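User: I am new to reading protein models and would like to go through this one slowly, with questions and answers. Could we begin with its charged side chains and then turn to its interior?

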Amino acid sequence: MKPVDQKIYLASKSPRRRELLRQIGIDFELLLSDKEVDESVLPGEAPMDYVARVTRAKLDSAQQTMILRQLPHRPLLSADTTVVVDDLILGKPADHDEAVRMISLLSGRTHQVLTSVAVGVTMGVETQVWQIVQQSDVSFAPLTAQAIAAYCHTVEPYDKAGAYGIQGLASVFISNIVGSHSGIMGLPLFETAQLLQQAGVRIL
């Protein structure tokens, strides 16, 4: 299946994903869905199943927007990232107290960052989708209550799953990572490049 052109649609509000796509030379245009995707966790849903389902839902919703707006058909990329500790999914904290609870839970421990990426190509009435879930292990050093409180008084925790971003102030908390640095940021570049190439997008 051959895409219409080399530009893709990015179905994500994340500025970090935009930066990462630019890093590998991908020409993209934002395509945000007209309909918000429900990111609630289903009862008994495993973290990997959750992040894959939400990513696919974002892709499907953006695809419908592309069709309804009668936009040129291009490869479409969606992604979702979640932080997991003890099989507990940590979303974006709603307030200061929740951010403190999340960072306290991560302090002195190793947790998982799961990022799913999906690339879809629509030709006529058919859509082909390539999708992966990438896992990285992130270890936090033991943190003092004062350090946690100071961090949670910044603006940084509140738009990020797990209440932190590896590329920001919280980088000083991280003693070790095993996996993909870019995946922890929200878009594993090795896997993303593979998916785009499978969809016919030229990387190099």
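User: Which residue's side chain meets that of Glu-29 in a salt bridge?

Analyst: This is a predicted model, in which local features need pLDDT of at least 70 and side-chain atom pairs count only at pLDDT 80 or more, while totals for chains, interfaces and linings use all residues. Residues are numbered from 1 along each chain as its sequence is written, and side-chain values use heavy atoms, with hydrogens and water left out. A salt bridge here is a side-chain nitrogen of Lys or Arg within 4 Å of a carboxyl oxygen of Asp or Glu. At 2.8 Å from N to O, the partner of Glu-29 is Arg-74.

User: How many residues apart are Glu-29 and Arg-74?

Analyst: Helices (H or I, at least four residues) and strands (E, at least two) are DSSP runs, numbered from the N terminus. Glu-29 belongs to strand S2 (residues 28–30), whereas Arg-74 sits in the loop between helix H2 (47–68) and strand S3 (76–85). The pair therefore links distant parts of the chain, and the separation is 45 residues.

User: Is Arg-74 buried or exposed?

Analyst: Buried means under 20% relative accessible area, exposed over 50%, and partly exposed in between, using a 1.4 Å probe and protein chains only. Glu-29, at 32%, counts as partly exposed. Arg-74 has a relative accessible area of 14%, so the word for Arg-74 is buried.

User: Why are Arg-56 and Asp-60 separated by about one helical turn?

Analyst: The side chains of Arg-56 and Asp-60 meet in a salt bridge, at 3.0 Å from N to O. Arg-56 is partly exposed at 34%, and Asp-60 is partly exposed at 30%. The separation is about one helical turn because, in helix H2, the two are four residues apart.

User: Which residues are linked with Lys-58 in a network of salt bridges?

Analyst: Lys-58 forms a salt bridge with Asp-80, with the closest N and O atoms 2.8 Å apart. That pair joins helix H2 to strand S3 across 22 residues, and Lys-58 is buried at 16%, as is Asp-80 at 5%. The residues linked with Lys-58 in the network are Glu-39 and Asp-80.

User: Which residues have the most contacts inside the largest nonpolar core?

Analyst: A nonpolar core is a set of buried Ala, Val, Leu, Ile, Met, Phe, Trp, Tyr and Cys residues joined through side-chain atoms within 4.5 Å. The largest one has 44 residues, and a second, separate core of eight residues includes Tyr-9 and Leu-59. In the largest core, the residues with the most contacts are Ile-103, Phe-140 and Tyr-164.
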